[in-house]
Amino acid sequence: MSVRLTVSDVKLSYGDFQALKGVSFDIEPGQFVTLLGPSGCGKTTLLRCIAGFLEPQSGEIRFDGCIMNDVPPHKRNTAMCFQSYALFPHKTIYENIRFGLRMHKVPVTEHDELIQKAMDMVGLTGLGNRKPYELSGGQQQRVALARCVVVRPNLLLFDEPLSNLDAKLREKVRVEIRELQRELGITAIYVTHDQAEALAISDTIIAMNQGCIEQIAAPRTIYDKSANRFVADFIGTANLLRSSFREKDICNVVVDTDIGSFTALDDNYTKLDDISVSWRPEDMIPVLEGQDIPRGCNVVSGIVRNSVYMGDRLDIFMNCQEHVFRASVARDYVIPEGSSIRFAVPFAKTRIVQG
Amino acid sequence: MKKKKFEWGYLLLLPGLGYIGFFVIVSAYIMIAQSFGLYNAITGEVSFTLEGWRNVFTKSFFDALWFTLRTSVLSALISIVITYPLALLMQKTKARKWLLPLIKIPYFVPGLVGSFLIVNLIDYHGLLNEVLLLLKIISEPMRLRNDANGIAVIAIHVWKNVPFMMIIMFSAIEGIRQDVKDCARNLGANSLQVLLHITIPLTVSSALVSVILTFIRTFNDYAISSTAGPMNPLSLSNLMKTTAYSYNDWVTAGCIGVLMTIVTVIFMVLYTVLGKYLQNGGK
C-alpha cells in the first residue's frame, strides 16, 4: 500500500540555524520524488522528519491525510535505505531482512517465502547465511533495499543510498531501485545531491536550497525550464548572465545584457525585477567562419580559453568580455585554444530566470 | 642464496621485550623454581623438593580458593549488573559530560585508600550501621567488615570495578552507530526492542570481556582483602603472604603463587577465545 504524503509549512531549527524554513509539498501515491540540493540545504533533515527521527517545530506531515507529527518512527510504516546501509553487523543477511517482519509481527510461517522473494528481487539469492562484512558495497546496498521492501512499507525513503558506490555500480543500482519501486508501486522519496541521479530516477524533483524549496517539477521541466538562477546553475551546467527586461511580444522576451541583447522564447513570462538569461552548454551550436547565424538564434562570440576533451564530447570554455561561458560540442570538432569562435543559441533554448 | 641482512630496527623492540622478559618470564620462572625449592632469595640454599606441592592442598588453601573465587565472581557479576544499565542511561543523558568523570573517580583512587573509605562506611559503628540503627531497620550493628562471606570485600571491589567497566561499556554502547539504531526503529522496533535486538547483542561481547578482566583484577587483589577481608578464610593472596612471611614457608607460598597464576592464565585464555568467538559472530 502506498500513501499520499503531504508536507505543510514544516519548520525546524538547530539553535539559531534554520534547517527548514516552512517547506510544503504534496506527493501522489506511487510517485518517485527526489529531494535535490547542495549539502546543508535541509533535504536529509526533511527526510528524517518524514521518517519520524526528527520532530518539526511547526507544520504538519500527513500520510493519506493523517497527521504523523506525534507518531513514533516504529509506527509510521516507512522504510529507509541509509547512506551507510546501516545493516545489523551481528545478524546474517537472512536475519537482517527478517528483522522488519519480526517487528511487524508477520506470521513466522510466511517469513521464508517473503525473504526469499525479496532476496531474489534484488539478486541476492544464496547469500542469506553471509554476514554483512562478507559482502561488497553493492551487495550490502541490495540487502538494505531488500530489508526495506520486504515489510511492504507505505513509504520508501532513500538517504543518498548510492553515494558510497563507484560510478558504474551507482548507475546499475539506481536503475534497479527505480524498477523495483515501479514494480511495487510504493511512494518513494529519494535524497541526493547528484543532479544526474535525480534526473535519471525521478518522477518529480524537489530542488532545495538553504532550507527552502526552489522548484518542484518533472526532471525535463526542471532542466529545461528552471525557475531561478539557483536551480539553473545547480541542475546540470548553465551559462548565466545578469540581464534587464527590454520588451515582450506574443511569445518572445527580449532582454539586455552587457554583451548584447538576448531573445528567449517564453510565452509565460511575467515581468520580474531581478533576472538572468540562461542557456545550457549543450544547446550552443558552433558557427564556423563563413557560415551564417541560423534564424531564431542568439549569438555568443569570444575567444577559446580551454578546450577539454571529455570522451563523449568536447567542452569549450570561452572568454566573452569578462565572462566565461561553457559550450559542449560534438567530440569530432577541433577547436584550438586562443581561436575566435561564435556560437548560436536558439531562442527556444534560451531561458529568462529569476535571480 | 643471499644472506639476509640484519634489521637494526628490531633493536627498537628491546625496551618492550626487556620488560616482558624481565618482569614476566623471569619472575614466573623464579616463582616456579621457588615452588620446587630451587630458588631461595633469603639464605641462598637450594635443593629440589616436592614438599611445597604436598603441603599446599590443605583445607586453608581450598577455603581461600573458594573465598577468592566467590568474591571475585560475585563482585564481577554485581559490577556488570550495575554498570550495564548505568552505561545505557549515561549514553542517553545530557549530563554525561560531568557524570562520567565523576563515576570514573574510584578507578583512580588507590585500592587501599578506597578500602579504608568503604571500611569506615560499613564498619561496626560506621555510617551505614548507624543510619540503619537510627531508622530502626536493625536492632544491633551488622558485622560487615572482615565477615566470612566477604561482603565488605565484594562491596569495595564493586566500588572500584564499576568505573573500570564503565569505561569499557560506555565506549561499546557509544560505538553502536546511530543509523543502525534508527534503522531498527524505522523497521518497526520500539525502544525496548532496539535494546534487546541491537544494543545488547552488539555490546554483550564487551560486557563479557569486562567481566573476565574484572575477575582477573579481583582474583589477584591483595590490598582490599587484607584490609576488609576475614581472617578465616583468607584470600589466596593473603594466604600466600601469610605462608611466606608468618610461617617463613616460601616454597609453599611459591606453590600458591603458581596456582594463582594458573587460574589467571586459564581466564586469560578464556578471554582470548571468547573475544575471538564473539568477533566471529559466535562461530
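Predicted model: local features only at pLDDT ≥ 70, side-chain atom pairs only at ≥ 80, totals over all residues.
Chain B is helical in its secondary structure. It holds 12 helices and 0 strands. Along the sequence, the pattern reads α-α-α-α-α-α-α-α-α-α-α-α. The C-alpha atoms of chain B fill a box of roughly 85 × 75 × 35 Å along the principal axes. The radius of gyration of chain B is 24 Å, whereas a compact globule of 283 residues would have one near 19 Å. Of the 283 residues in chain B, 31% are buried. Contacts were also examined by sequence separation. Among those in chain B between residues at least 6 apart in sequence, 72% join residues at least 24 apart.

The nonpolar cores were considered next. In soluble globular proteins, nonpolar side chains tend to be buried together. Here the largest nonpolar core comprises 89 residues. Those with the most contacts inside this core are Ala144(A), Leu145(A), Ala146(A), Leu157(A), Ile189(A) and Ala207(A). Helix α4 of chain A, residues 137-149, gives the most to this core, contributing 6 residues. The core lies between domain 1 (5-224) and domain 2 (239-354) of chain A, because both domains give residues to it. With neighbours within four places in sequence left aside, Ala144(A) is in contact with Cys81(A), Phe82(A), Tyr85(A), Ala86(A) and Leu87(A). Another core, of 26 residues, lies apart from the largest one. Among the residues of this other core are Trp159(B), Met166(B), Ile168(B) and Ala228(B).

How values were computed
Residues numbered from 1 in each chain as written. Chains lettered and ligands numbered in written order. Helix = DSSP H or I, 4+ residues; strand = E, 2+ residues; numbered from the N terminus. Rg over C-alpha atoms; globule rule 2.2 N^0.38 Å. Buried ≥ 20, exposed ≤ 12 C-beta atoms within 10 Å, placed from the backbone. Contact = placed C-beta atoms within 7 Å. Core = buried A, V, L, I, M, F, W, Y, C linked by C-beta atoms within 7 Å. Domains from an automatic or database assignment.
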